[in-house]
Every structure is written in structure tokens, then in C-alpha cells.
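Here's a quick tour of the model below, taken one region at a time. Have the viewer open while you read.

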Amino acid sequence: MSQDGVDAERPKIGDAKAAPTKNFFVNMLTRDIELQDAILDLLDNCVDGILRSLAQIEGETPYKGFQASITFEKDYFVIEDNCGGIPKDVAEKYAFSMGRPPEEDVEKLAASATVGMYGIGMKRAIFKLGTEALVESRRDEGFTVEFSPEWMSDRGWNDLPMFALADGELTDKGTRVTVYKLHEECQKAFADGTWVDTFKTTVSRHYAIIISKGFEVRIGSEAELAAGVDPLAGAEFRLLETDQLADGSRIQPFTYFGTLDGVEVEIYVGLYRELLTEEEADREEQTRGVKDDAGWTVACNDRVVIWKDTTRLTGWGEATVPNYHGQFIAITGLVLLRSDDPTKLPLTTTKRGIDAASNVYAEVKDLMREATKNLTSFTYKWKTHERELDTIYQNSRYIELPTLRSMAQEISTGQVRKFATMKRSEVKLPAPANESKTARVSFAADKADIAALRKHFFDDQPAANSEIGEAAFRDVLDRIKK
Amino acid sequence: MSGSSIPYHLRPHKAVDRRLFVDLLGRCERWRSLANAAYISMGAYPLEDHKLVHRILGIRKLIAFDYNAEIVKRQVFNRPIDTCQCVCHSSGELIDKLDTVLSDVGYADATNLIVWLDYTTPAALGEQIREFVMLLDKLRDGDIVRITVNANASSLFTAKPQKGEPTMPGDEVRKVRYGKLNERIGDYLAVDTTADMMTDEKLPSVLGRAFGTAALQALPTSGGNTFAPLSVVRYADGQQMLSLTGIVVQREQESEMRERLDLASWRFASKNWGDVHLLTVPDLTIRERLFLERAIGTTPIPDMKDQLGFDFAELEVGETFLGDYEHYYRFYPNLLAAEI
């Protein structure tokens, strides 16, 4: 082939267009993301802004003083922050182009432990929300970039016009994205109080760790925000711990701590409530009756990407781990993955879910499964020893996440054979005495007969069906043993 | 669970299979030294395999386990050396708590693990394959796993004849078996598995491939390690059993490992999980045995047959016996009655 790509025997007859159409980005890319997640992308940009503006992330509340507010109105949307703003040259070169800048430029935009890695969040969110938008920001030199409906529907990729920002605007160094001409889906959602409440719940969960580090998010209508609303509280994560029993066992969280393939890994898993009794578990199998906080939560650089998952995604129903069901309602876990290089994290572009092809996550999941299995076995063993359960809850108390994290390194002294760079806590959960010599007896009986036996054994005292069955069993046993 | 009710001396296939395993471990030493490895297996009450790996390979970090506390006490009585630790756990528990068990018995520093899960209950195949996945989750480069499972087609299902008459056509029987197998390990079966394969001859290969799929699930291609097959063998002392042995190895080192072990020259080596060898260990008289051992290596098989004056192949021993015997005669157990 000759240098200009033309082969004498294969004459070139034209060019087949390979550039992406704008229609693809504006209409197709937005189909793969839910409205909530698109808005969370904008919120992620706020947090990434903080990380870029802080020299060092230190202390328990490094994000204190930084805030974002989201305004939902029927005909417009605003997100505004004070998180550092976009430098003008970054806006000129990268912030509005599609995709992450080339590697050599990434270092110039240096920020550690961000969650932005694909460089599509802001644009995709704007496309998802409406057809006209303003992006205003001030870091060094304030600017405004305009997305017009004409640009959106135009075939070409003309650069967007940039104007100087008025002097009094965004003086705290921040960014404001305003979207007008909302799509119908957004108009309906923003006018619906329930949708807004659900969105607040989503933020409170997915930003739980970031909020706990001092970041404030306020959400409401223009009037509500003007009147002053409280910042959202982040969802809590806590695990049960008890005093040690005579045999050295106790209820306590499993922790894993260390690094895998350049990613800092922390895993906390245990019980967040007392175990269900068998009758409660049976009821739970039929109809959901109690608040369900069970499952695995996974965060990448503090951003929660999986919330309380009880599927194969987090190892339930894989290998010997049973499928999740009501009996395991007390089991919950949290995985924190952190890296200065977000490409090492198993993030997906929507940041909802996990990149299943990630080797780091596959390795982390091995540890998650191990802990889950130990806890499901624990639950199962005590299923047949309900009466003694009270004895294992001595002085039970909750440990909140910050305490767990501060303890992690200290209590993770055990070796993880497979990974030399990981440590785990040595946990000895209480086991029922005579475990191998007992077997469960359970059967269904006529309700009238049960009532008759209740009367006989307990008269008018309240008694669970299992207690009535056991009383009858012991009664017969005592008689035949005489 | 461990320890079938048939006494060990009546299980010559099992005895040879165990010796072949130790022979294979000897080859594995060409890849990684096993001197500081820990050997974990159920062992039942006589701890035969623990004795062998200790005597032949010099491994001292031995762990035996059983669910039954009384068997564990009997193991303690029978242990070959004091460093053999006997712990009370089911196989599932042992795997769940593997790291804890190792540190509790003081063997957390073992360089590698050799784990033999010797299962017998056919109905628990589903649990067994999942325990195998859970175990692989916890292993590292150089660890060796052997798993023995029931591979008897009729253990899946067999129609009860009435008054000596069959009550179901063979293909119906195989369909029911396939249904059962699907219920237990359907997640792991290859898509081309059919009811016709539910025979003693073909089921082992189906199971072997299922374990291969399970291994891939535990060690997916996105990771650095793979579970490489070393040997897949079926044999029957009554019930047909399937023994699968493999080693955790870095994906890019698998072919180097195979060369180093010189698996091409080892009769019972398997290149893939469906490559199953049949092990037949017929009952030989001492006269027959001595004759065969003198003839091995010098006399061609047809001449051996002539000199014997009868054909083992005609005696339900199997066509391959004479060819195979050459490769395991060293391990043929001499079982003699003795007055003590």
C-alpha cells in the first residue's frame, strides 16, 4: 500500500463517514441512564470539584463547607455548588468535549480519588434533561457556556460559545448548571412530589459517606430553597457488637482491610439487628413485614454505587452462599474501594452497579462471599436454638461506620491466605451448645388443637406456637422416660 | 460425608487411586516444593492418605477433619504423627473458615495447600460442586485440589423392576436421570449435555466438564490464576467414583507447568476436565501378579495373553487392563489375611 493509503490495484472510490453523529449522543446515550443517575452525575462533578480544589484530604470531615443545591421546577432545573469551579482553560479544552482527555493531559487536571472517569457525565445529564442549557463557572476567570436548541439539533459539532461571567456571580468559586426547555419526562418528574422525595432518598443513600464527611446537599423547589431547607442527612451504616461470652465468642463485625491491585479495600459486614425468630422468618417469607436493611453496599471513592444488594452481583446465591431470603434479614455489609486512579475502580459509566469484568471486584467478592457464608451459617445454626438466643445478645450495642473504620486496621490482624496484602479480623461467633446432637422438629397442626394445647400448658399466658409444640414434646418425653 | 461403610481393604481401586494421587503429587514437586505444604483431607478413621503423604512426600503439616466428633477422636488416636491435627468440621464449614482453621492449628504459614475433598453422597452433588467453587475462591498459585464424587449413573435414578420385569425403557430412565442431574448442577452443565449421556461410561465426563465450568466461575479469565486439570480418573469398588485433581496456576504459566510435570508421559494425566481415564484394578492372584510384573516392560501384550493362556478382556476386567497395569502395578495393594 502506498503512503497515502491508495493501492494501485484497489483504487479508492470515496470515504465512508465514521464520525459519531450528534444525534447518537443526544438521543441514544441518554437512553442508557435513568434521570436520577444523570442528575447524580452532576452531583459527582461537584464532589470531584472539591477533590481538585483541596490540596489534601484530611480529617473526618474534609468536605465541610462545601455544598450543592438542586432546584427542581416544572420548567427548569438548576444545580449550583461552591466546590471550586472549572478553570477557564480546562473549560476551553476538555470540559465540554466528549470523553476523558488523553492520558498526558489527565495529570494536568490532577485530582485524586475522583469518580469521574469517562468525561461524559455533564454533557449526558444536560442532554437527558432538556434542549437549552447554561453552564456558568468561576475558578480563575468566570465564564458562561451556552447550549442552544439549535446546537442540539444541528448535525455538526461546532464549538460552544463562551462568554464572560458577570462580576457578582459565583463569587465563592463554584459552578451552576441551568437547564431550560426540559424534556417531558423531566417536567413530569420535577412536578411530582413523590419523585422528588425518592430522589432525595437516592441521594441520601448514594452520598451517605460523602455527606458524613461534611458535604451538604439541599434539594427543593426555588421557593423551598429560598425559605431555607435543611441539608439531606446521609443514610447510616452500623453493625451490632456484643460482649464476649465465656467461651470467647461474641457477635462482632467481620472486617477486611488492605489493598488489592492498587485499590484500597475495606469491608465491614455483620448483623444490623437481632436475628429473626423462626416464626418471624416464616412470616417474612410470605409477606415483607419488617424494614429490610439487609444486603451489600459498595462504594467507590466514597460514592455508593450499589445499595443494599441481595443478588448474585454481591455474591448471594453464588458458590455455597445461599440465595437471599427472609431468614437473612439481619445481615448487612459495606465495601469501600478507594484509588487515586479511578480507572482502577470497577465503576460503570452510570455509576449504578459494578463493572462485572473487573478483577479487583472479583477478588473482593471472594471475601464478601466468605463473610456472607459465615453469617448465613451462624443464622442457620441459631434457627434451631431460638430459646438460647437471648443469651448471646449480652450488652449489645451498635458501632457506627466512623468507629468501625477507625478500628479496622487495629482489629484486622488475621491473615488472608490468598491475598498477602489483605488482613481480616478474627471473628468467633457464638455457636449453640450441643449443636450436632440436636435436630429440628417442625410440623403443621390444626389451629384449634394448638389453642387447646396452649390452654393446657400455658392457660391464658401468651405463648408462641413453637413453645406450645416444645411443651407438648417435652411432656410426652418426660412421661415415656419415667 | 467421609468414610464409606466398606472397609478399606475391600477397596483396591480406591487404594490404587490414592497411590496414583501421591505419585502425581510427587510430580507436582517438580513445579513447587511441597515440603512446607499443608495437607487437608477427611481421611476417615484410618487416615490412610495422611500416612502416605507423610511417608512418601515428607509432609508434616497434616489436617484431618470430620463432622462427627467421635470420628475425630478416633482420628486423633490413629494419627500418623503428632503434627497431624484433627478438627471437627463438615467440609462446608472447613472451607468457609479455611483461613481461621489454618491459623488455629498453627499452619497459616504453609506455603501451599493440598486439599482432598472425598465426597460420597450422590444426592449432595449440588453442595459438593459449590463447596469446590468456594474452596477455589480461597486458594492461591500452587495449591492443589482433588475432589472425589459419586459418578454412578444409577445413583441419579434407577427404575425398580417388578417381578423381574423392567418397568421403564432405558431412554426414559436416562431422561429422569438427566432431570435429576440438572436439578442439582444445572448451572454448571455444558449446553451439549443430553439424556443419552446419563450412563456409567459417559456421566463421568459430563461431571468432569461441570467441575471445569465451576472452576472457571471461581477463577474467571479476568483474573491471573486458573485451575488447571492434572488428572481425571473413574473407578468402581461397587459404586463408580470420579476423582478430579487440579492445580491453581497462573494462566500464562500453565503450559510451562504441564511440561515441567511431564504430564505427557503420565498415563492418567488429563489435558481437559472431560478427559476421563478408566482405572480397572482386578482381583489378581499372587501367581498372576508375579507373572505380570516379570513380563511388564519386556513382553508385548499379545505374548502375555498367550503365556497366561486366558484373556482378562474376556473376564469383564476391561480391554485396557493389561495396558494400564503397567502404569500402576507399583501401587497394586497386596492384601493378605493375617492372624494378629
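## A helix pair in chain B

In this predicted model, α6(B) and α9(B) cross in a right-handed sense. Helix α6 covers residues 125-137 of chain B and helix α9 covers residues 203-218. Their axes sit 8 Å apart, and the packing angle comes to about 40°.

Who's touching whom? On the α6(B) side you'll find L125(B), I129(B), F132(B), V133(B), L136(B) and D137(B), and they meet L207(B), A210(B), F211(B), A214(B), A215(B), Q217(B) and A218(B) of α9(B). Sorted by class, that contact has 11 nonpolar residues, 1 polar and 1 charged.

## Where the chains meet

Now for the A/B interface. Here 21 residues of chain A are in contact with 28 residues of chain B. Together the two chains bury about 2000 Å², with 41% of that on carbon and sulfur atoms. On the chain A side, A319(A), R417(A) and K418(A) provide 36% of the area buried against chain B, more than any other three residues.

## Chain A in outline

Chain A counts 15 helices and 16 strands. Along the principal axes, its C-alpha trace spans about 100 × 60 × 50 Å. Of the 482 residues in chain A, 48% are buried.

What about contacts along the sequence? Taking the contacts in chain A between residues at least 6 apart in sequence, 72% join residues at least 24 apart.

## Two loop residues in chain A

Let's zoom in on S339(A), which is in the loop between β13 (331-338) and α12 (359-383). Is S339(A) buried or exposed? It counts as buried, because its relative accessibility is 4%, and the cut-off for buried is under 20%. A polar atom of the S339(A) side chain lies 3.0 Å from the backbone nitrogen of D341(A).

Next up is E386(A), placed in the loop between α12 and β14 (397-400). Its relative accessibility is 22%, so E386(A) counts as partly exposed. Leaving aside residues up to four places away in sequence, E386(A) touches T277(A), E278(A), E279(A) and S466(A).

Technical notes. Residues numbered from 1 in each chain as written. Chains lettered and ligands numbered in written order. Predicted model: local features only at pLDDT ≥ 70, side-chain atom pairs only at ≥ 80, totals over all residues. Heavy atoms only, no water. Helix = DSSP H or I, 4+ residues; strand = E, 2+ residues; numbered from the N terminus. Buried < 20%, exposed > 50% of the residue type's maximum accessible area, 1.4 Å probe, protein only. Polar contact = N/O pair within 3.5 Å; in protein donor to acceptor, adjacent residues only side chain to side chain. Axes fitted to C-alpha atoms, helices over the stretch in contact; angles between N-to-C directions. Left-handed = near helix turned anticlockwise from the far one by under 90°. Contact = heavy atoms within 4.5 Å. Nonpolar A, V, L, I, M, F, W, Y, C, P; charged D, E, K, R; others polar. Buried area = accessible area lost by both parts, 1.4 Å probe.
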